Amino acid sequence: MTVKKVEMQVDINCGKCKNQIMQAVTELEGVNQVVLDEEKSLLTVVGTMDPICIAEQLRKIKQKPVVVNIGPPKPPEKKPECCKPCLPYYNNTCDLPYYNYNTRDMVSVSTYENGGGCTIV
């Protein structure tokens, strides 16, 4: 099955309505993401689920869903490539500040078993 984005108009009158809607939709198989915009009364569901099943679930909790849109989800936004080298221990992401990382800056400290001193390399 293909992933799709389903947008439905729902009635949100109170916090209880919101909780019921979220609980009813998240129970469905194939749901990857659920967003409920209270200001617009818009439910957005992304996944491989059947839009008819979403509407049926909502009707069970006394909602009258109106389908606004069914289509493919937006592709994920690509992060712009940065010009600085990424740190090897941060999984090659540049979200963190750049540090001048050099293997010569590492320090190894070891102690003798009898506790009689240490060696710094």
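Contact here means heavy atoms within 4.5 Å. Helices (H or I, at least four residues) and strands (E, at least two) are DSSP runs, numbered from the N terminus. The model is predicted: local features need pLDDT of at least 70, side-chain atom pairs count only at pLDDT 80 or more, and totals for chains, interfaces and linings use all residues. Residues are numbered from 1 along each chain as its sequence is written, and side-chain values use heavy atoms, with hydrogens and water left out.

Start with α2. Its buried residues are Pro-51, Ile-54, Ala-55, Gln-57 and Leu-58. They cover an arc of only 160° around the axis, so they sit on the same side of α2. The arc is taken from the directions that run from the helix axis to the C-beta atoms. Buried means under 20% relative accessible area, exposed over 50%, and partly exposed in between (1.4 Å probe, protein chains only). The cover over the buried residues of α2 includes β1, α1, β3 and β4. On the face turned away from the buried side, α2 carries the exposed residues Ile-52, Arg-59 and Lys-60.

Now turn to α1, residues 15-26. Its twelve residues, at 1.5 Å each, should span 16 Å, and the end C-alpha atoms are 17 Å apart, which agrees. The expected span is 1.5 Å times one less than the number of residues. Cys-17, Ile-21, Ala-24 and Val-25 are the buried residues of α1. Their arc around the axis is only 90°, which puts them on the same side of α1. Among the elements that cover them are β2 (31-37), β3 (42-47) and α2 (51-60). Lys-16, Asn-19 and Gln-23 are exposed on the face turned away from the buried side.

Next comes Lys-4, in strand β1 (residues 4-9). What does its side chain meet? A polar atom of the Lys-4 side chain lies 3.5 Å from the backbone oxygen of Thr-2. The backbone oxygen of Met-49 lies 3.4 Å from a polar atom of that side chain. Leaving aside neighbours within four places in sequence, the contacts of Lys-4 include Val-45, Thr-48, Pro-51 and Ile-70.

Finish at Lys-62, in the loop between α2 and β4 (66-71). Lys-62 is exposed, with a relative accessible area of 73%. Just after α2, Lys-62 takes a positive phi of about 70°. Its C-alpha atom is separated by 9.6 Å from that of Asp-11, 51 residues apart along the chain.

Notes. A polar contact is a pair of N or O atoms within 3.5 Å; within protein, one must be able to donate a hydrogen and the other to accept it, and residues adjacent in sequence count only if both atoms are side-chain atoms.
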